[in-house]
Amino acid sequence: MTAVLHGYYRSSAAFRVRIALALKNLEARHVFHHLRRGEQRAQDYLSINPQGLVPALELEDRVLTQSLAIVEYLDETVPEPSLLPRDPIGRARVRALAQMVACDIHPIDNLRVLNYLRQQLGQDESAVVQWFNHWIATGFDAIEQRLAEPESGAFMHGDSPTLADICLIPQVTNAGNFKLDLTPYPRIRAIYDRAMTLPAFANALPGRQADAE
């Protein structure tokens, strides 16, 4: 597979794809777009992804966007190790857990929302941190309860990483950047610590990327 991954070291969505590529033992050339400098809005990148967001995965004749769609594509084209359970109920549960992060927490806590709070609404940094941590905590409260379900194991669903873990781990990392107290979330913290023992997760950390600052 020849692929180019467009990303940014601090993007949690690009983080997800880095994890998935590593779990599938796939190589990709990395091209970086500094989101804080607005490089994702440069015309050459907009010709690749008109939405002006990362990640984008360039294949030989296609460009894939949106991290969950990219991860599911990788799972369908490289079936092992599987990132989704075999049974329909299990797949629905994993997708729901993944979407609790990717659809409910991340969109209102990402950089462009935080910058709007700062630049357009005049919020100071303490208010921005309060906003960020409120929405993560709201999501983590529900996820922590779901992790008490019998389907959970060493990871969010069973004993091997799934799409759900691929979404959760970057969000926990982001929570650490804003000093969110993880004490109320022992199950989430245990899964994060377990994931960090796996090279696919640990090597995908923002601080280990070539564009890290």
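**Overall fold and local features of the predicted model**

Residues 24 or more positions apart account for 68% of the contacts in the protein with a separation of 6 or more, where a contact means heavy atoms within 4.5 Å. The structure is a predicted model, in which local features need pLDDT of at least 70 and side-chain atom pairs count only at pLDDT 80 or more, while totals for chains, interfaces and linings use all residues. Residues are numbered from 1 along each chain as its sequence is written, and side-chain values use heavy atoms, with hydrogens and water left out.

The protein contains 9 helices and 4 strands. Helices (H or I, at least four residues) and strands (E, at least two) are DSSP runs, numbered from the N terminus. Read from that end, the order of the elements is β-α-β-α-β-β-α-α-α-α-α-α-α. The C-alpha trace spans about 45 × 45 × 30 Å along its principal axes. For 213 residues, a compact globule would have a radius of gyration near 17 Å, and the 17 Å of the protein agrees with this; the radius is taken over C-alpha atoms, and the globule rule is 2.2 Å times the number of residues to the power 0.38.

Next come burial and surface. Of the 213 residues, 50% are buried. Here buried means under 20% relative accessible area, exposed means over 50%, and partly exposed lies in between (1.4 Å probe, protein chains only). The accessible surface comes to about 10500 Å², and 51% of it belongs to carbon and sulfur atoms; these areas come from the Shrake-Rupley method with a 1.4 Å probe, and for residues only the protein chains shown count as cover.

A pair of aromatic rings is described by the distance of the centres and the angle of the planes. Rings of Phe, Tyr and Trp (its six-membered ring) pair if their centres lie within 6.5 Å; planes under 30 degrees apart count as stacked, over 60 as edge-to-face and the rest as tilted. The structure holds 4 aromatic pairs. In one of them, the ring centres of Y8 and Y9 are 5.0 Å apart and the planes stand at 70°, so this pair is edge-to-face. Both Y8 and Y9 are buried. Another edge-to-face pair is formed by F140 and Y185, at 5.6 Å centre to centre and with 80° between the planes. F140 sits in helix α6 (residues 125-146) and Y185 in the loop between α7 (163-177) and α8 (186-195), so the pair ties together parts that are 45 residues apart in sequence. F140 and Y185 are buried as well.

The loops also have features to look for. In the loop between α2 (43-46) and β3 (56-58) lies S47, which is exposed with a relative accessible area of 57%. Q51 is found in the loop between α2 and β3 too, and is partly exposed at 43%. P55 belongs to this loop as well, and the peptide bond from V54 to P55 is cis, with omega near 5°. A cis bond also joins E80 and P81, with omega about -10°; P81 is placed in the loop between α3 (67-77) and α4 (88-109).

Two residues other than glycine have a positive phi: N25, near 60°, and K179, about 60°. N25 is in the loop between α1 (12-23) and β2 (29-32) and counts as exposed at 67% relative accessibility. K179 lies in the loop between α7 and α8 and is exposed, with a relative accessible area of 70%.
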